[in-house]
Every structure is written in C-alpha cells, then in structure tokens.
Amino acid sequence: MVRASQATTFSSSAYFDDRGPHGTAQPITEHVNPHSRPIVSYFFPKGVGEHHYGERHPMKPHRLTLTNALVMGYGLDKQIHHIYNPRPATQAELEIYHDHDYIDFLSRVTPNNQNEMRHLIDMFNCVEDCPIFSEMYDFCRMYAGASLAGARKLTAGACDTAINWSGGLHHAKRGEASGFCYVNDIVLAILELLRYHPRVLYIDIDIHHGDGVELAFYHSNRVMTVSFHKYTGDFFPGTGKLDDNGASLGKHFCLNVPLQDGIDDDMYLTIFKTVIEDTVTAFRPTSIVLQCGADSLGCDRLGAFNLSIAAHGECVNFVRKFNVPLLVLGGGGYTIKNVSRCWTYETAVLVGATIPDELPATAYDPFFRDSQWKLHPPLTGRVENQNSPASLQRITISIRNKLRYLQGAPSVAMQEIPPDLEGWLADEERKQEEVDEERGTALAGERRSDRSMARNEFFEGDNDVDQDEGPVSVKRTVSSRKTRAPGKRARGKAKGRPSASAKEDGEEIEELPVAAASRSTKPRRTAKPRARARAKPAEKDKDLPDADFEAADAETDAPTPVDLEIDIS
C-alpha cells in the first residue's frame, strides 16, 4: 500500500514553467540542404558539462549543457550539417605542445591523492583558480579533443566552420595551469591547422587577455594574435599592453587592444571591425580561430564591459563574412544563463538562421525565469564607460602603424606535410611485410633489400654484391673529337656517356657487346672525370656488374672505352 504522501514526486513544480503571456519559441523543422555552403560542423563531447570545479568556483561547465539544450530547443541542429561527439585527446596529442611532466601530473592527480602530490601541485600552479577536482584530466581531454577534431575537419576541407563551445581555454601555459585553464586547446588546434594552412589568425574577444596563446606564438610569423581585452595593469592576467608586439620573427605579429571598463556596443564594434579588417587585409590569413569568451558581456560575474548579446554576435558575424575556414571556440563567461544565450545566438548566426527572442521550452526554464525567458535581455549600461573616442583612435592608429611593418603576408616554403598522429601510430603498429607491400618491394617468401645503384657506385671486388644481368648491347654515338692513342687505357674504369651532339654530326658506332667495349680504346676527353676509381686488371673487366655501366652512363664527363670506326666526311 502506498501512502498518500508518497504518491507524488519529489517536486510538485511543473517540468516546464508556465510562461503566461510570454511566448515560447517553436523549433526549426526544416533541414538544411546538405549541399549548401558554408558547411557547419558542431562538436559537443558527451558529458563535458557534467564536471564541476567546486561549489564556490566561478567556472561552471554546466553552462555547456544549457547551451546545447537551447541549440537543440531552437531546432538549430536541423540547420547544422554535421554534429559530432568527438573522442578525447590522447596524451601524445596533448604533449604536442605541453610538457610531458605536466601532462603526466594531470593524468595522475586526483582529489584523493592531492595531499601526497602537494609539491607538484604548487609547481604546476594547480592552486586556488585551478583546483584539483574529480575527473579533471578527462575533462581536459574532452574539450581539447573537440578542438583538435574541429581543426582536422577544417584542414581536410570537410567543413567551412567548426564550432566547439567547450574549448577556448586560452590561459594555460606549456608547463602549468592558469586562469581556470589546464590544457590550452587553442594552441593545439592552431598547431594542427599549421600543418596545412600557411597563416592562421587568432582573434580573442574574451574580457581577459589571451596570454597563453600569445606566448605560444610570440616568436612566430605564421600566427597573428589579436586580443580585445580589459587592461589596467592589475586585472588578470596583467598582460596585453598596447606595446607588446611579438619578438624575433614574430615581431609585429602580436596585436593587443587594451580597453577600459564599461565599453558599449558602438565603441566596441567600431574598433573591432576597424582592427580586424585592417589585419585581415595585411596578414591575409588562410584560416581563422575565434575565441568567443562571453565574460565580455554586460552583467558578467567577473567582467566589467557593457556588451549586449547582439553586439557580441555581430563580432562573430563580421568574422564569418571573410569566408575563410573558421574555428569558433568558447572561453570565459561566468553568468551561465547569459553565456548559454550568447553562444546559442552565435550558433544561429554561424548557420545563417533567424531565431525569435523567446526562448524554447527546455528542462532548464527556471534559469531564465528572471529575464522572462528572453534571448536578448538588457545587459548594458550597468558600468560607467571609461573609454573615450580619443583613446580608441589612439589605439587604432598605433595598430595600423604596426601593420605597416608586415610588408605583405609571410610566405611559407613548399614542403611535405608531416603525417598526423594517427598516421604515426598506424605506422608503429604495421609489420615489415606491410611496409614492403606498400612500397611495392614485397617479395614472395624472401626477406632482403633490393639493389640500390648510386651515381658514385664502383666495383668493390669480391665484396660487391651487385648482380650481373648479362652482357648488354649498346649503340653509342660520338662527336668528331680527338681520340686517345690506341692501346692506352684510362686511369679509371668509369665509363661516360658520349655527347648528344654526335647525333647531330651523323656519326654512329656499330652495336658492340659491353664486354667487348670494355677492352677497347677510349675517345679523348678534354674535361677531367668527376670521380676517379681504382684501376682494375683487364682480365677482371669482364666480371663487372651491369650496375657499374648504368651508374657510369649517368656521368657525362667520364671516358668510355669503345672500338671506333669513324668516317669523317
């Protein structure tokens, strides 16, 4: 028998909020044309939003679950060409940029053993902002694997735009964590893009300076980093001055746009479009990585700007219109209900869909109750604008002067594209027979190396293992040069190819077996032979392998012993 108090569920509230006069967005039902362009791929690692930094920590991976729920609720999945649940990155993939000791530490440390690893925790800066939490290493592998998968799809031409809202953790350094970031998936993705693309442009609209990415490519002229951020000298991470330009080959390939509190939509969009358009014109990137940190929105828990969701999305739309392969990543953002709305709106911008201001009905309706379930709540005007038109003009002029030093986009010499990690792993697992079969040198039940014939190969006596394939008849033509006196022998045994001008003179020599030709006289040559070999007894000449004749034929300056019957008319 069930008691009346047990007949109800743990909550008497409805699954969806009753919105009353406020409408509900209906999902898009029309599917995208599979042949339409641009092709958009959406990467969402399953379970990435279930991780938790800590009770009072501002970074909430749950914002990714909210974002994905809104994207699906609007029906934007019907407008996306491909949706992927990418595999996690391997340790070897993470170590393409990060130090082995650091990645090994991340793979071993847990909340249960962190007291025993306290010295390593301090060494790798996993304190305060970057705490040790459950399944932390799996979380890093998930978002890094999604960014790598997006970069690979772009390099393969399988899509034009790749979206990974779980990525964009731009503070992580090569050997330490920083600013809620443990693995720098942006650097890993750019390194993957550089395997195919000569020039990559990185744009960062997070309120914090993208110091980790800038540091990784500070000396490179193939990656230009442009960061729009708040800079006061003491605001985290404390870097990103206007004068930080890069070094060595990367001089002037690092641009920083330091801004003050309270910048509004008009000012931000003006300087953003001016700087990015000038940068794209000067640098001519072949691919772009855009980090869309949502902590630059108004009312953010850690931010101090006055940007609206529409203005933030307009930056994404402006970059999209360059029609360059584009990798779009997440980043900061600590008021999760605004973060999820922002990234949902920008997903619609990237797929070219128009969505209403009303939010769709999802299981997370209570998160948006205070804003009456709107996509574009008022977020601006909360902080006083400390930026002036004069200060922004000074920044714009300074950046334009730096771009003048580029003198055109850097070129990259043509070279073989290095194999990807999967190719390396596959090569390691293959047997020697499979390698031989691929090279076309496989033998029926035999294991030996084929002959190699170099241009400077000579007879090595009894140690020469080249095979003699029998006498070969050759037909040679020579020019009407002076010949040696009969009976004299050349100092070396190498035999040269006669000049092609003999055919023009119409002088031919009858076909002779090679063995007979080796015992005959030679024409005189005015130039000295390039390579000299040891003289061999005449009786051993008949045993010379064919490889010597073939290699000697390639030497045009070496003398050739032949019997001459020349008719000079």
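How many disulfides does the structure hold? I looked, and the count is zero. Worth noting at the outset: this is a predicted model.

**Cysteines**

I went to C140 next. C140 is in no disulfide, and the nearest cysteine sulfur, that of C126, is 8.7 Å away. Is C140 buried or exposed? C140 counts as buried because its relative accessibility is 0%, and the cut-off for buried is under 20%. I checked C254 as well. With a relative accessible area of 3%, C254 is buried too, by that under 20% cut-off.

**Strand β1**

I then walked along β1, residues 40-43. V40 and Y42 point one way from the strand, while S41 and F43 point the other way. I found all four of them buried.

Which strands does β1 pair with? One is β3 (residues 161-164), joined to β1 by three bridges and running parallel to it. There I traced V40 to its bridge partner in β3, T161. The other is β2 (residues 82-84), also parallel to β1 and joined to it by three bridges. On that side, S41 has H82 as its bridge partner in β2.

I also followed the chain from β1 to β2. Together with helix α1 (residues 62-73), these two strands make a β-α-β unit, and I noted its hand as right-handed.

Technical notes:
Residues numbered from 1 in each chain as written. Predicted model: local features only at pLDDT ≥ 70, side-chain atom pairs only at ≥ 80, totals over all residues. Heavy atoms only, no water. Buried < 20%, exposed > 50% of the residue type's maximum accessible area, 1.4 Å probe, protein only. Helix = DSSP H or I, 4+ residues; strand = E, 2+ residues; numbered from the N terminus. Pairing = 2+ DSSP bridges. Right-handed = clockwise from strand over helix to strand, strands pointing away. Disulfide = S-S within 2.5 Å.
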